[in-house]
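Good morning, and thank you for coming. Please take a moment to look at the structure on the screen.

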Amino acid sequence: MSLLEITDLAVSAGDLPLVDGVTLDIKAGEIVALVGESGSGKSLTALSAIGLLAEGLDVTRGQIRFNGASFLGEGAQDLGQVRGRDLAMIFQEPVSSLNPLMPIGAQVAESLIVHGVASVAEATEAAIDMLDRVGIPDPKRRAQQLPAELSGGMCQRVMIAAALISKPRLLIADEPTTALDVTIQAQILDLISALAKQDGTAVLMITHDMGIVAEMADRVCVMYGGRIVEQGAVEAIFTAPRHPYTGMLLRTIPRLDHPPKQALFAIPGNVPSPKNWPTGCRFNTRCDRKSGRCDAVPALTGDQHRTACFHPLSEA
Amino acid sequence: MRLFLLNRLFQACTTAFGVLTLVFFIQRLTGDPTALLLPETATQEDFEAMRKTLGFDRPLIEQYLSFLGDMVQFDLGKSFIQNAPVAEILASRIPQTLQLAGGALVVAFAIGLPLGAIMALQRGKWISRWIMGFVLACQSMPTFWSGIMMIMVFGVWLKWLPPSGTGTLAHLVMPSIALGLLSLATYARITRSAVVDELGRDYIRSARARGVKTPRLVGKHLLRNSAIPVISITALEVSQLLAGAVIVETVFAWPGLGQLTVQSIASRDFAVVQAVVLLGAWVTIFANLLADILYSIIDPRVRLGTSL
Amino acid sequence: MNMVLPRFSVQKSLAWWPAVLLAALVCAAVFAPVLAPLDPDRQNLLGRLKVPGYESRGVTYWLGTDELGRDILSRLIYGARISISVAVLSVLLSGIVGVAVGMLAGYLRGWWETLLMRLVDIFLSIPAILLAIITVAVLGPGFFNVVIVLTLTRWPRYARVAYGQTLSVGKRPFVTLSQAMGGSVPRVLWVHILPNIIGPVLVVATLEFGLMVLFEAGLSFLGLGVQPPTASWGAMLSTGRNYVATAWWIATFPGLGLFLLVLSANLIGDRLSDTIGKGR
Amino acid sequence: MTMKFNILLASVAAVALSAPVFAKDLTVDLSGEPSSLDPQLQWNPDSYYVYRNIFDNLLTRDNSGEIVSQIATSWERISDTETVFTLRDDVVFHDGEKLTAEDVVFSVKRITDPEFGSPQLGQFNQIAAAEAVDDVTVKLTTDGPYPALMAQLVKLSIVPMHVVEAVGNEAFNAAPIGSGPYKFETWDRGISVSLVQNENYWGETGPFDSATFRAVPDAATRLANLQAGTADLVVGLDSDGAAQLAGQGDVQVLSAPTERVAYLGLNLDKPPFNDVELRKAASMAIDNFGITEGLLGAGEIPMAQLASPAHFGYEERIDPWIFDPEGAKEIVSAKADLAATPAVFATAPVFDQRIVQALQQMLNDVGFNISISVTDMPTYLNIVRSAPEENAELSFGRWSCACQDADGITYPLLHSESAWSRVSDEKLDVLLDTARVSLDAEVRQEAYAEAHKIVRDNYYVLPMYQAAVLYGASSDLTFAPTANESMFLNRMAWSE
């Protein structure tokens, strides 16, 4: 059974659609990567899942089930009960995502306290342990410090500690390493996968970096223009991408076996803004395989490896 | 830290000195109070005699120097209208002013802060617009008008509160509200914008992701972070309160410094005016200093030296 | 990733009413001679304190008459002129003086900064009522002297805002660049600094506008406002408060006018501060 | 001298001595705090309302305005410059010490000592010497014949020599000790002064155990206090304010004509009012009756002289003003350019702005070009006292000398020596000087009659009306307002 099941999700700002018919599921213990350029709707999908859409954004269609319970529409349960306990999230900017005036230990302990899982003393104890687990030296002393006294990498470790302290069943990681130094990125990613494995936590990893996907994910969902264009096991996507967009994304990874001084590949054109989304396949403004058929919306077809394209790169 | 305080003290002294000098000379531009003191039948000789008694016949610069000499010795002088030492007059007014300013601040805080927070949390909802309307309405009436209306309604018609005067807590209610209403809007607005600012910050979202609900979010995360603009506005508001008190104190016959200011300016009671202005200047300066110290308590990141 | 998108589309039409109201009041002020049915200063001692709708010798006093038998409606319309122009002029003047001082202090730094900002502190410490009485005593009373009083008391506020903004803008690269290329002080201030600090200053100005209307009323209450018989809403209200129980109409209409004027200015200022950014 | 008092809105009899005493504290709302309780240091209403209850004077005026005995039981003029007073021998100060002739002499010497700096110096500096003949006899000597001596002595309070000398002037002011019907209790600076009844008083004390005088600057607030029942007596009403009390059963409005004469002062050295024709036009433009009846309506009486029936020196045969705007227009149109010279009407917030505005309108209606200039009181006083060329063209005043003698108004406003006067007329000076020093009432009366006529014929100033005073009072308070605006607690009573 799926842990998180998103069906036909649509998110709009007023009458402007931003996410349009996303269907996605994550099984327990699985690491799923949600890939796409900025503006593709991947963060919105994640935020809808945890119920933290910004003011003015609304889920207009679809269904979200977590652990079997529905969180949208009639008979929906309160996400607040689940948030921070079974479902946790970490964000892009570790420094600003921490309350600047609260000691980090208290922030790590907070989810245990608000869900009534532990007393303040127990939670503080647990927070120090957790800080130790995420590799923060001298955790007892550090717990008393404010975020401003820590480096960005350390802050992200604190965020991870705060997210994982309640042993959630699903962790949503929204580009957790973009703001960090390259050297730290690997450590953080290793930490996430290690901890997830230890506790059996599923991870929804949101990223635009195909390298990270290759390294961590079990499965991949590629988003473009608010829709999922391709999804499947990580090997299948990397070895035989079907959607032209996925193909192009893969070509953006710099490779050592390429001749030196060759220009890096860039996807031609820009991501159109939601106001200017084309009818039909939304990639049709940038696609080199476009035909007349592409003015219609392609369905997401396939079994394990699904694609929404009339002219896929390789047939199933 | 010590250097900072010394620097502040030096600034305060120069400001106070400047204020005193300016007030001393511009006051005397307006003529002296001899005509007010003498009865209508007084002759020109009476005028000259009175001017001599009060020392107004001396050259201005001489008067100024002797005034400075007194100030250095902490001698505030004597009121020639009230025939009493200025220090004594001030001492009787200060507690009254503190009560009124305190009452007004309580009104402004107790109503303004929650309303501001509600407006921020309910942004875009109808309740927020109604609150904003109410808050702005509070600030859209001159105090001499809202004051007399309150007196008529609660003092004369309903007889719930004494129309004017001092003495009991009941006396304090209406003047505090009249004065507090003006600042209330400022507080509500500042709180709203501070809370809105904070609400947009990443740490709020991550706290929510941790499962923190609104009450705790406001109590544990928002309040302290939003406090800084509120505190700095309070420092500014204190001098505003003294200024606004002029009319409120007149309407409610509240014997504070505001009324004293008007009366002593109107009667050219130079020594009292100088003392009141000096006091006001120091209050403003200390309010700002206190605000800086409060920042550093609330926000440990602010190191006093760097906040300058 | 969150888009900044227009919100409140439903209330868009509602949002305009403060501006419409303000425009209407300004129109009333500008076209007072055309709109006012009677001479606002024309007294009639036999027709004092008459109720709204009172008719005498074929003339209807729609909003009643005041303590000297003058037509309240006409005084209200002419009063808008005074109240609005006092506020506009004093906001303009104090804004110009304050912004100039604040920019210079924030840009030149050093001794100028110390000197100018001390001056700001000094002026903030002098009670407005003292400045008012002194101005009237030295220059005599009158419309422009009310503006001068308000300017003298309010410019330090603009100076503070402009100073703070200039400090932060002054550190930005384009300013440094312009300085490096030998831009003169007035040029740098005018071309580079001013456009970048004007937003918050405008927010302050709209909020101050409402305050100026009230301050003028306060000066009238203390007998230091515009000279009688000239009507201003503040003066009408401060006279009318003595008649709350016997002739409610004297104070009610100017009070309502004052209220709507200040309210709409505040609402506009509020909207502006939402869009431009924070202002005190 | 006729003393006619119209007590309009209240019919008040003298204090009923037999009324059962039901003591209730009295609260009086004044417009300001007394600036001094030392009776020799300050002469303004807010001060003397209070301190005249603490102190006794040599003489006083009864409710009809006659000078009657207080500490002095009898007095006799033994020469043109010498008067002998016989004192009561049963008067004690609040501290128990007896009041003797020494105290009277001390009080006179104190107030006439230029070093002391009493603002009332000018009222008493004609007293050259004071001596105690024995314990109950005092002899005062004046510089020359001084007819107004008795009228002035009404305002001289007797202070205890032993206390003043022991504690000094400042401490005496803070805690005054007198011999009057009420004792000083407390002075909450800026708030109120409380007095308590002096049980040992030699005369009538009035029914109050205690009385509190509060400072309430805003007239609307004083009115509200009265209506709410937190004040029993309030000062400083006008008829429009009094109208607010109409129909309310538990409050009443009391009124009496005062010795204040309202007048329009003209600058005789500057156009347009340096022209006698235009001054005449101004007098014709002013609807005195319209102002007293239509606007004021508290019992003010139109006057065409700088005196009222409350003054010695009032002349009944002075022609009243003629209200003739058409005639005024005619005169003005003949001198249109001169009349249109911009003229400033100086005034201060304490004056009734309704009258000022009404006057301006009436004058501008016939072709003058007058603008109002409101400044605060000291500025106004400096303007109207300044040299003619800097002075305003017009000013409105309500003059009182608190002596009920024409000398107190005419001399300062009309004699060329006076700082307030803008008139320079030798004949007038002679008349005023004669009246000032003559002890013969008839000579004085004639001189004033002549002086009033000169002023009337030359339009030197435009007297307008005898002002009235209005008090708001709780309806069970019996109080007879007097022309000299005093507020004697021992002449008040509670009615059933």
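Predicted model: local features only at pLDDT ≥ 70, side-chain atom pairs only at ≥ 80, totals over all residues.

Residues are numbered from 1 along each chain as its sequence is written, chains are lettered from A in the order in which they are written, and side-chain values use heavy atoms, without hydrogens and water.

Chain A contains ten helices and eleven strands; these are DSSP runs, helices being H or I of at least four residues and strands E of at least two, numbered from the N terminus. Its C-alpha trace spans about 65 × 55 × 35 Å along the principal axes. Of its 316 residues, 54% count as buried, that is, under 20% relative accessible area with a 1.4 Å probe, protein chains only.

Let us now consider the sheet. Four strands of chain A form an open sheet in the order β2-β1-β4-β5, with antiparallel pairing; two strands pair if DSSP finds at least two bridges between them. Strands β2 (16-27) and β5 (69-70) of chain A are at the edges with a single partner strand each, so one side of each has no neighbour in the sheet. Eight bridges join β1 (residues 2-13) and β4 (residues 57-66) of chain A.

Which chains share the most contacts? Of the five pairs in contact, it is chains B and C, where contact means heavy atoms within 4.5 Å. No contact joins chain A and chain D.

Notes. Buried < 20%, exposed > 50% of the residue type's maximum accessible area, 1.4 Å probe, protein only.
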